[in-house]
Amino acid sequence: MGPFAGATGFAGGLLHPLLMPAHLIALIGLALVAGRHPSWARAAIVAAFALGLAGGLGGIAWGLGETPAGDVLLVAAVACGALAAAGTMVSAWLAAPAALVCGAALGLDSPPESISLREAALMLVGTGCGGIAALAAFAMAAGALARLWQGVALRVAGSWIAAIAILVLARRWVS
Amino acid sequence: LSRHAPHPVPDCRDGDGIVPAIPTALVLLLLGGGVPAPVVLAIVAVSNFAVFHGYAHGTELPPGSDAIAFSAGFVVATGLLHLYGIGLGYAGMDLAGRWPEGPAAVRLIGVAIAIAD
């Protein structure tokens, strides 16, 4: 895991979703979608994400092998970014399962590199806390931006996220 | 997207650039003539350009390098250039009435880019 030199254990895990670019763009994309919803639906989306993340991290803890979680995260980033760019508000009934899948993929794509069992467990817990806190904060920030130009900026951000994820996926799938 | 793989789109840098260039040049010539381009044409020009621009720069990523960092940098840099162009366009509208030559300057830029295209 260790993308941040010096940060290990819980702190390393906490920072992990913010320091892994693929995770960060998926989180921001999902937050842009969640931010368009009223607070109760936003909370439901974050809860679904937390559930999926717990499942994904649980899978890692139980020794699940390699999965296509990285690609799933990028596909989620494309979908969320495109929805945000289009200014479309998807139903919370659709957004919550998407958040569940996104959370599970983020968890499965976060294997700790530590050889110490205690350290690895702390990193997984940190990753869970960091991912949920980041999504909640980003979604709250996106929801608070209500002015016209801020809405345009959020849609532009969505299009950038989708573009980045499409480029990376294209590179992976073609080469 | 390797140069040796079958190309899903014509290579924009080997003489086949006419495909992405036509709608862009059309919009710019309209701009140069002082005619606002229809939104549909502008959308076609922008999205068409985006595909070829992404493809052209996507092929530049050296094998083994960090694809996501490259893509993020490329997309952000492109977006900032867009913002620069939008700023120029707004300046050309002379909203504050402080730059009367603005519209003519922007039209000139449009014609120059269309010719270069």
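**Fold of chain B and its interface with chain A**

In chain B, 56% of the contacts with a separation of 6 or more are made by residues 24 or more positions apart. The model described here is a predicted one. The secondary structure of chain B consists of four helices and zero strands, and its elements follow the order α-α-α-α from the N terminus on. Of the 117 residues in chain B, 29% are buried.

One aromatic pair is found in the structure over all chains. This pair is formed by Phe70(B) and Phe74(B), whose rings are stacked, with 6.4 Å centre to centre and 20° between the planes. The pair counts as stacked because planes under 30 degrees apart fall into that class. Both Phe70(B) and Phe74(B) belong to helix α3 of chain B, which spans residues 67-93. The two residues are four residues apart in this helix, a spacing of about one turn. The two members of the pair may also be described by their accessibility. Phe70(B) has a relative accessible area of 27% and is therefore partly exposed, whereas Phe74(B), at 13% relative accessibility, is counted as buried. The cut-off that applies to Phe74(B) is 20% relative accessible area, since buried means a value under that figure.

The contact between the two chains was examined next. At the interface, 12 residues of chain A are in contact with 15 residues of chain B. Between them, chain A and chain B bury about 1,200 Å², and carbon and sulfur atoms account for 83% of this area. On the side of chain A, 55% of the area buried against chain B is supplied by Trp160(A), Leu167(A) and Arg171(A), more than by any other three residues.

Zero salt bridges are found by the rule across the interface of chain A and chain B. One residue pair in polar contact is found there, with both residues at pLDDT 80 or more.

By class, the side of chain A that touches chain B comprises 11 nonpolar residues, no polar residues and one charged residue.

How values were computed
Residues numbered from 1 in each chain as written. Chains lettered and ligands numbered in written order. Predicted model: local features only at pLDDT ≥ 70, side-chain atom pairs only at ≥ 80, totals over all residues. Heavy atoms only, no water. Contact = heavy atoms within 4.5 Å. Buried area = accessible area lost by both parts, 1.4 Å probe. Salt bridge = Lys/Arg side-chain N within 4 Å of Asp/Glu carboxyl O. Polar contact = N/O pair within 3.5 Å; in protein donor to acceptor, adjacent residues only side chain to side chain. Nonpolar A, V, L, I, M, F, W, Y, C, P; charged D, E, K, R; others polar. Phe/Tyr/Trp six-rings, centres within 6.5 Å; stacked < 30°, edge-to-face > 60°. Buried < 20%, exposed > 50% of the residue type's maximum accessible area, 1.4 Å probe, protein only.
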